[in-house]
Amino acid sequence: MTTQNTATAVENGAPHTTAEPTVVVRDLRQRYGDFEAVKGVSFEIRPGELFALLGTNGAGKTTTIETLEGFRKPSSGTARIFGQDPFGQPAGVRERADAVLQGSGLMDDLSVEENLVLTRDLAADPRDVDEVLELVDLIEKRGLRVRQLSGGQKRRLDLASALISRPEVLYLDEPTTGMDPEARHETWRIVNDLKASGVAILLTTHYLEEAERLADRLAIMHRGEIHVEGTLADVLAGWGDRVGFQVPDEVRTADLPEVEGARCEVETRDQALWATYTVTGGGVADRAHHAVAALLAWATARGTVLRHLQVRGASLEDVFLQVADGTADLLAE
Ligand SMILES: Nc1ncnc2c1ncn2[C@@H]1O[C@H](COP(=O)(O)OP(=O)(O)OP(=O)(O)O)[C@@H](O)[C@H]1O
């Protein structure tokens, strides 16, 4: 699959996609004792680009982020941030990269503002604390101790802590977990602004809509491997459109027509037979049209009607579930 989607990048305000990649991961492997948690993962992230790493529980996403952060030395393969090995957080990487991780690094007994002041004092060229509090909508909570914040407010303070140092690379590990829909949308706006300002972002999330809204490119991991990678449009195009209908009573399954570029599956629902044609052949824009036209021509010739006729493009959830089911590679061929 291709790895660029200019349209998505421009829509999301990220015109920097031709720049040299900030993050380069090549055939990364990570072992915990005998267990290989990451099995040869490769990707790049350019300035102003957001790469979403999706995957099943235990797929190896956090391990990958921890490696990029410099907490883990690769078992083999390489990770490079600005051309440097991040292991041990060398100068030149440490000041330019930051993270919003699972498991907050906040001091519970200090106030919101005190936490940010501590972080600010470690940064070379920090943002103003009030500016960041405004950005994450916590200005009215500045005097509260962290333990008095709700879960979603803590996640916003985590984000504020990462933003204060003006990172050029940002790792967001499930950044909106526990947020209400409004706070989530507000976080997406902040993340889109960061992209537009040229920050290279690696996002992991279990909210597929979050990846659809934010990602220029995405990958789906399962058991340590990337199974699907590309722009959202690439990923969905590879999975095909579905045309479904209730099989007419007078039609036997064996009599259903062949449709070029499509495979047919029949299942029983509510004591009726339903046919689903998954159309992967032909042009992405018109393949569903040709399949429907062929099926309608067949039905008309037989003097029958395709009841409950539906046309549906693949969703990211369909693709994710196929990956989790272990059949993704088969389908993507
Ligand atoms: N310190 C460790 N020691 C041994 N195994 C570990 C360790 N950390 C993670 N693992 C294992 O490595 C695998 C990958 O874990 P990781 O946390 O990277 O997954 P993840 O994709 O972030 O999962 P989730 O979506 O559930 O957060 C899991 O099977 C996990 O049990």
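Start with the ligand and select the residues around it: Tyr32, Phe35, Ala37, Gly55, Asn57, Gly58, Ala59, Gly60, Lys61, Thr62 and Thr63. By class, the shell has four nonpolar, six polar and one charged residues. Here Ala, Val, Leu, Ile, Met, Phe, Trp, Tyr, Cys and Pro count as nonpolar, Asp, Glu, Lys and Arg as charged, and the others, Gly among them, as polar.

The model is a predicted one, in which local features need pLDDT of at least 70 and side-chain atom pairs count only at pLDDT 80 or more, while totals for chains, interfaces and linings use all residues. Residue numbers start from 1 along each chain as its sequence is written.

Now colour by secondary structure. Helices (H or I, at least four residues) and strands (E, at least two) are DSSP runs, numbered from the N terminus. Strand β2 and helix α2 each supply at least two residues of the ligand shell. The helix α2 gives the most, with three residues.

Two strands count as paired if DSSP finds at least two bridges between them. Angles run from 0 to 180 degrees between N-to-C directions, and axes are lines fitted to C-alpha atoms, for helices over the stretch in contact.

Strand β1 (residues 23–32) pairs with β2 in the antiparallel sense over eight bridges. To follow the pairing, pick Val23, whose bridge partner in β2 is Ile45. Then pick Leu28, whose bridge partner in β2 is Val41. The hairpin of β1 and β2 has two residues between the strands, and Gly33 there takes a positive phi near 60°.

Contact means that the C-beta atoms of two residues, placed from the backbone, lie within 7 Å.

**A helix pair**

Next, select α3 (residues 112–122) and α5 (residues 151–163). Two packed helices are described by the angle between their axes and the distance between the axes. For α3 and α5 the angle is about 25°, and the axes are 9 Å apart. The two helices are therefore roughly parallel to each other, a label for angles under 35 degrees, with over 145 roughly antiparallel, 65 to 115 roughly perpendicular and the rest oblique.

Show side chains at the contact: Val112, Asn115, Leu116 and Thr119 in α3 meet Leu157, Ala160 and Ser161 in α5. These contact residues divide into four nonpolar, three polar and no charged.

**The four-stranded sheet**

Finally, select β11, β12, β10 and β13, an open antiparallel sheet of four strands in that order. Strands β11 and β13 (307–313) stand at the edges with a single partner strand each, so one side of each is left without a neighbour in the sheet. Neighbouring strands are turned by 20° against each other on average, direction ignored.

Strand β10 (residues 241–246) pairs with β12 (residues 272–279) in the antiparallel sense over six bridges. Asp241 stands opposite Val279 in β12, and Gly244 opposite Thr276.

On β11 (residues 262–269), the antiparallel pairing with β12 runs over eight bridges, and Arg263 stands opposite Thr278. Two residues separate β11 and β12 in their hairpin, where Asp270 in the turn has a positive phi of about 50°.

Last, show helix α9 (residues 287–302), which lies across β10, β11, β12 and β13 and runs at about 25° to β10.

Conventions: Near = placed C-beta within 6 Å.
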